[in-house]
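This report considers how parts of a protein chain pack against each other. Please have the sequence and the structure at hand while reading.

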Amino acid sequence: MILLTDDPKVEHIRNKIKADFFYDAPVLLDNDVQGQRVVDGKVIIGPRAGPESCYTNLVHEMAHLVEIDIDRINQHGWGLRYGKYWEIYGQSGYEPQTDQAVCREARVWALQLNLLQEYGVKIHATEIVSSAVYLSAFCYVKIRKKSNQPENDKRRLEVVARKVRSHRKEFTAGNV
Ligand SMILES: [Zn+2]
């Protein structure tokens with residue numbers, strides 16, 4: 001995503017987010033952390049995504065804090081498991097069975113966009129949902145008619161963007 005942390009133009013936004021949310025807060029901010037983790041019982045969130053560090057990622061994690069059930073807040077990775085557990089020949093993992101994880105991200109993206117808007121940053125739903133293709137549950141997003149894969153992916157992204165737009169109307173500062 002655009003607007004990297006080291007861009008001086010966005011430094012004031014970063015500082016304002018810090019002052020608004022991380023002054024004397026029970027949730028800690030660590031610039032080297034990707035997503036959310038729990039260390040010694042303390043919840044830490046950060047702006048990292050791979051080699052990039054971006055305050056929009058941090059705002060995404062802050063939105064997860066709002067969206068997640070209260071009892072999952074202090075669980076590593078929000079205590080989320082992606083689908084059904086499988087084990088074959090010593091290998092194991094989780095395989096999603098529904099689009100539940102995408103629906104959760106859609107709610108989080110809506111909150112993230114509303115929060116970013118408060119900071120004067122406008123990102124469109126279509127832009128923010130583009131990473132949905134990397135979620136393993138993406139293939140479970142329901143579309144009316146199926147065709148070839150790029151077409152299906154495009155339609156699924158439109159479905160997710162619509163969800164985000166509709167959640168944005170529910171998740172106003174007054175009712176979150
Ligand atoms: Zn997320």
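This is a predicted model: local features need pLDDT of at least 70, side-chain atom pairs count only at pLDDT 80 or more; totals for chains, interfaces and linings use all residues.

## Extent of the domains

According to the domain assignment, domain 1 covers residues 1–80 and domain 2 covers residues 85–176. The centres of domain 1 and domain 2, taken over C-alpha atoms, are separated by 19 Å.

## Packing of α1 and α2

Two packed helices are described by the angle between their axes and by the distance between those axes. Helix α1 spans residues 11–21 and helix α2 spans residues 55–67. These helices pack at an angle of about 25°, and their axes lie 10 Å apart. Angles under 35 degrees count as roughly parallel; α1 and α2 are therefore roughly parallel to each other. The crossing of α1 and α2 is left-handed.

## Residues between the helices

Which residues of α1 and α2 meet? From α1 come Ile 13, Arg 14, Ile 17 and Phe 21, and they meet Tyr 55, Leu 58, Val 59 and Met 62 of α2. The residues of this contact of α1 with α2 comprise 7 nonpolar, no polar and 1 charged.

Note on methods:
Residues are numbered from 1 along each chain as its sequence is written. Axes are lines fitted to C-alpha atoms, for helices over the stretch in contact, and angles run from 0 to 180 degrees between N-to-C directions. Helices (H or I, at least four residues) and strands (E, at least two) are DSSP runs, numbered from the N terminus. Angles under 35 degrees count as roughly parallel, over 145 as roughly antiparallel, 65 to 115 as roughly perpendicular and the rest as oblique. A crossing is left-handed if the near helix is turned anticlockwise from the far one by less than a right angle, and right-handed if clockwise. Two residues are in contact if their C-beta atoms, placed from the backbone, lie within 7 Å. Ala, Val, Leu, Ile, Met, Phe, Trp, Tyr, Cys and Pro count as nonpolar, Asp, Glu, Lys and Arg as charged, and the others, Gly among them, as polar. Domain bounds come from an automatic or database domain assignment.
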